Every structure is written in C-alpha cells, then in structure tokens.
Amino acid sequence: MPIVDEPLPRPRRWGAPELARLTAMVDQDSLFYWQGPQTSALAAEFRRHYPFPHLFATSSGSAALHVAIAALRLRPGDEVIVPPITDMGSVIGILYQQGVPVFADVDPATYNLDTAAVRRVLTARTRAIMVVHLAGNPADTTALATLAREHGVALIEDCAQAWGALHQGRPVGLEADIACYSFNDYKHLSCGDGGIVATARPDIGPTLAPWGDKHYDRTTPGYRDPAELAPNYRMSEPQAAVAAAQLTRLADIAARRHHAGTFLTTLLADLPGVLPPHVAPGNTHSYWFYFLRLDLARLGCTRAAWVEALRTEGAMATAGYIPTPVYRYRVFQNHNFFGGAWPVRDAGLTTMDYRQVHCPHAEAILTDGVVLPLNEAMSDAYLAKVAQAIRTVTARLSR
Ligand SMILES: *Cc1c(COP(=O)(O)O)cnc(C)c1O
C-alpha cells in the first residue's frame, strides 16, 4: 500500500455564484464588455481586493501584460528586465512591442527576481522591470520599486500566479506602476481564460482600455480613428460573469492554500536534502503550487529517481517546473521572433544574443526543483501523508 493511499484531492471550482451571474447574463441583450453589467461587476469584485482606480479586463493574462507594455510606449530596442523562470506570457508582449526582454537572475531560495542582479543589467535603454511572484510567493517589490524609482523606470508586477498573496500584508500588485493578473484555467481563479491589467497612475489609467481595444477610445464619439496600433484583447461578458463570481471565492481559496503550503513546510522542516521554498518574513505565499529544491549532492540520487520514488508512494510530483530558463527556449536561441528574423536587432537597435545569456541560479533551480501540486481541497491529514512519503523516500534514497 502506498503511503498516500487516496487520490489527489480536487476542489469543486464552480457552483452557485457562477451560475447566478451566468443566469443574470442570459437576460442581457448584449455580451459586449463596454458598459456591460458583468464586466462592471468584475471590476467591483476585483477592487474589493485590489483597490486600483483604473483597470481593463482582458482576454488572457498574456494580453494584460501586453497591454501593460504597450501602455509604456516603448521605442523599438527599449529594454524590459524579466526573470528567466516564468510563463511565456511575461515576454510575449515585450517582443511584439519591439522591446528587448533582458533576463536577470533570481534568488536561490525564493526563485524570484534578485534586486542586485536586476541592478547589474539596468542600462540607459531600460524602460521597465517586470517582476513575477513565482508560484504565489511575493517577490521583494519594496526593493524593486525603490530601484525602479531611482532609475526612472516602471515596475510591472506579473501577479498571474499570485492571487491572494500578500507582500508585507498588502495584496501583490499594489507596489507596481502596472499590475497584471490571469484567470486562465490553471490559476487559483479561472474563467477559462481572462486577465486584468490595473494601475493607480492617472497618466496611464485611461490608456489601458484603448491599448486593449484596437486603440479605440470609446469615451469619445470619433473613436474609429486610432492614433496608435493596438490589438483587440477585450474580455467579454460570459468570461467576466464567471471571473466576478470566482473573486468571491478568493479569500477562502487563498487562506486554505496558504495554510496548506505553510503546513507542508512545517512538516518538512529539518529534513536533510529537501529545501522548502523560502517565504520572506512578513509575506503571505498563496501557493499556486509547492516548489521545493533537492540538495542532490547530499541525497546522492537523481531528481528523477526521487520523484519516481515519491510517485510510487502515491504522492503527485513533477521534476521541475518549466524545462529550462525561458532564454533557452528555441524561439530565443534562434532569435526567431518574426518569420525567422528579429527586426530590432537587424536594425542595430540591440546587440542582445540570447545564446550568451546565463543565469546560474535559475538554471540550478530548474535542475533540482520539484513541483508538488497544492490546492484548497487538501486536508491536513492528506498533507501529512504527503510529508510522510517525502520523509520515507528521502531517507531511503539518501546515502
Ligand atoms: C499564466 C501566466 C501568464 C499568462 O497568463 P495567460 O492567462 O495564460 O495568458 C503570465 N505570467 C505568468 C507568470 C503566468 O503564470
């Protein structure tokens, strides 16, 4: 009998609140976002947690991040500093706006952007720092916001993985010039696909909707004469209805996940060879997943062997998160951004060569890291079995 002798708990994600909003929606005569009741409800529910004066609901988190970058009006070749352990969604918008993603290394214990590493890659071409709260663990946005201000660049917070996470007691995103969130199906909250881009800056706020809506400014009569080039990234009413209802569950989901992750870390404390994620004092991790590292030299086994043994004991685990740092992806290694070419480099506006980029901490984390699924349906009893399986497997495989 495996130590974890029950299937992975799965939360029921949708129910009465979603149905109530969708039912109300059916009586509407339009599903268009502009002044739609569901989109308005989504904005109101979002602001109960994240009190931004300006926001725009988008078709995805990647779209929200693209709008954020577009709103900064990069000149071709301008640079945006990003971490190498993230989703492609963080960098897609930068490249489409003819900017240059510049990768800075991460902290080996939190896996989030390291402020000193960011400082080292800042140049006169830097326009923004984009920080990712990886897996729901808040990054040091106090230091990064200070650094951004010092250099007159924007701070963008990619909060896609961090619904409900608190940085020094405040919801993540509030430190940023522009903050982005995702409702894709794997995130804490889902409407299938969706996102939000938000800001407190009065100069940027009114531009968010145009940057996500063909650069139509629907507050003016002659809006079909756009002054800029922008895609259509609008969210529609069905997505907004589900997303608005999902936000009513946020406090509960985040509290349960925070408890589960914290509990698991307690159970794994002092286990030689296994390094739980580090949460900086004062921060609240909302555990989109549980990302630990193995001290492979100490264990004397491979990551694959450890993960296989854990799975045999009934605990779900995967070796690593993304396979390599983002700069190692083929699209970056081949600089194949636009039909086999990279116009900003061909025009001499950057000398970036992604084959020369090296972020040792990120590479190490992705070599010895293990992801354990974590969700709000996991009881303490279930997590105790997972921890027992980890302790048993680690003892058996240690030299
Ligand atoms: C999920 C995710 C995105 C992109 O969100 P989509 O809604 O899937 O487009 C961006 N950044 C990070 C860190 C993510 O995890």
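Reader: Which residues line the largest cavity?

Author: This is a predicted model, and the structure in it holds two cavities of 30 Å³ or more. The largest cavity has a volume of about 70 Å³. Its lining is made up of Leu8, Leu264, Ala315, Met316, Leu372, Pro373, Leu374, Met378, Tyr382, Leu383 and Val386.

Reader: Which helix gives the most to the lining of the largest cavity?

Author: The lining residues of the largest cavity include Tyr382, Leu383 and Val386. By class, the lining has eleven nonpolar residues, with no polar and no charged ones. The element that gives the most to this lining, with three residues, spans residues 380-397 and is helix α15.

Reader: Where does the second largest cavity lie, and why?

Author: The second largest cavity holds about 50 Å³ of space, and among the residues that line it are Thr110, Tyr111, Leu134, Pro277, His285 and Phe291. Residues 16-249 belong to domain 1, whereas domain 2 takes in 250-322 + 362-398. Because both domains give residues to the lining, the second largest cavity lies between domain 1 and domain 2.

Reader: How many nonpolar, polar and charged residues does the lining of the second largest cavity have?

Author: The lining of the second largest cavity includes Ala135, Tyr287, Phe289 and Tyr290, and it also includes Asn137 as well as Thr110 and His285. Sorted by class, this lining comes to eight nonpolar, three polar and no charged residues.

Reader: Turning to the ligand, which helix gives the largest share of the shell around it?

Author: The ligand is surrounded by 15 residues, and the closest are Gly61, Ser62, Asp158, Ser182 and Lys187. By class, the shell divides into three nonpolar, nine polar and three charged residues. Its largest share, three residues, comes from the helix that covers residues 61-71, helix α3.

Key. Residues numbered from 1 in each chain as written. Predicted model: local features only at pLDDT ≥ 70, side-chain atom pairs only at ≥ 80, totals over all residues. Heavy atoms only, no water. Near = heavy atom within 4 Å. Helix = DSSP H or I, 4+ residues; strand = E, 2+ residues; numbered from the N terminus. Nonpolar A, V, L, I, M, F, W, Y, C, P; charged D, E, K, R; others polar. 1 Å grid on protein atoms, 1.4 Å probe; cavity = no way out; pocket = protein on both sides within 12 Å on 5 of 7 lines; lining within 4 Å. Points joined across faces, edges and corners; volume = space filled by probe spheres on them. Domains from an automatic or database assignment.
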